[in-house]
Amino acid sequence: MPRTVNQKMKLLYLIRILSEKTDEEHALSTRELISQLAAYGISAERKSIYDDMECLSHFGYDIGYVKSRKEGGYYLASREF
């Protein structure tokens, strides 16, 4: 995947998306996260989202994951005030 100018901003946009659009009852699937990133002009692949969520978690963000029969989803479990 070729890098775009916005590609380095991907993690920042992911945190923005998770904080504005998710909670424990409203998780976003990998496919939905890819679509949300595309709205900011950032391309992403399914496997890169998995790595990004792990990276954010290691950095200290409380990233939750909901498993479902159809498709799971990610959400920001705790927030700073």
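## Basis of the description

Helices (H or I, at least four residues) and strands (E, at least two) are DSSP runs, numbered from the N terminus. This is a predicted model, in which local features need pLDDT of at least 70 and side-chain atom pairs count only at pLDDT 80 or more, while totals for chains, interfaces and linings use all residues. Residues are numbered from 1 along each chain as its sequence is written, and side-chain values use heavy atoms, with hydrogens and water left out.

Just after helix α2, Gly 41 takes a positive phi of about 80°.

Thr 30, Leu 33 and Leu 37 of α2 are buried (under 20% relative accessible area, with a 1.4 Å probe and protein chains only). They cover an arc of only 60° around the axis, which puts them on the same side of α2; the arc is that of the directions from the helix axis to the C-beta atoms. An α-helix has 3.6 residues a turn, so residues three or four places apart point the same way.

The cover over the buried residues of α2 includes α1, α3 (46-59) and β2 (73-76). On the face of α2 turned away from its buried side are Arg 31 and Ala 39, which are exposed (over 50%).

## Packing of α1 against α2

The axes of α1 (residues 10-21) and α2 (residues 30-39) come within 10 Å and cross at roughly 115°. Axes are lines fitted to C-alpha atoms, for helices over the stretch in contact, and angles run from 0 to 180 degrees between N-to-C directions. The two helices are therefore roughly perpendicular to each other (65 to 115 degrees).

In this pair, Lys 10, Tyr 13, Leu 14, Ile 17, Leu 18 and Lys 21 of α1 make contact (heavy atoms within 4.5 Å) with Leu 33, Gln 36 and Leu 37 of α2.

## Packing of α2 against α3

Helices α2 and α3 pack at an angle of about 95°, with their axes 10 Å apart. That makes α2 roughly perpendicular to α3. Thr 30, Leu 33, Ile 34 and Leu 37 of α2 form the contact with Arg 46, Ile 49, Tyr 50 and Met 53 of α3.

Technical notes. Angles under 35 degrees count as roughly parallel, over 145 as roughly antiparallel, 65 to 115 as roughly perpendicular and the rest as oblique.
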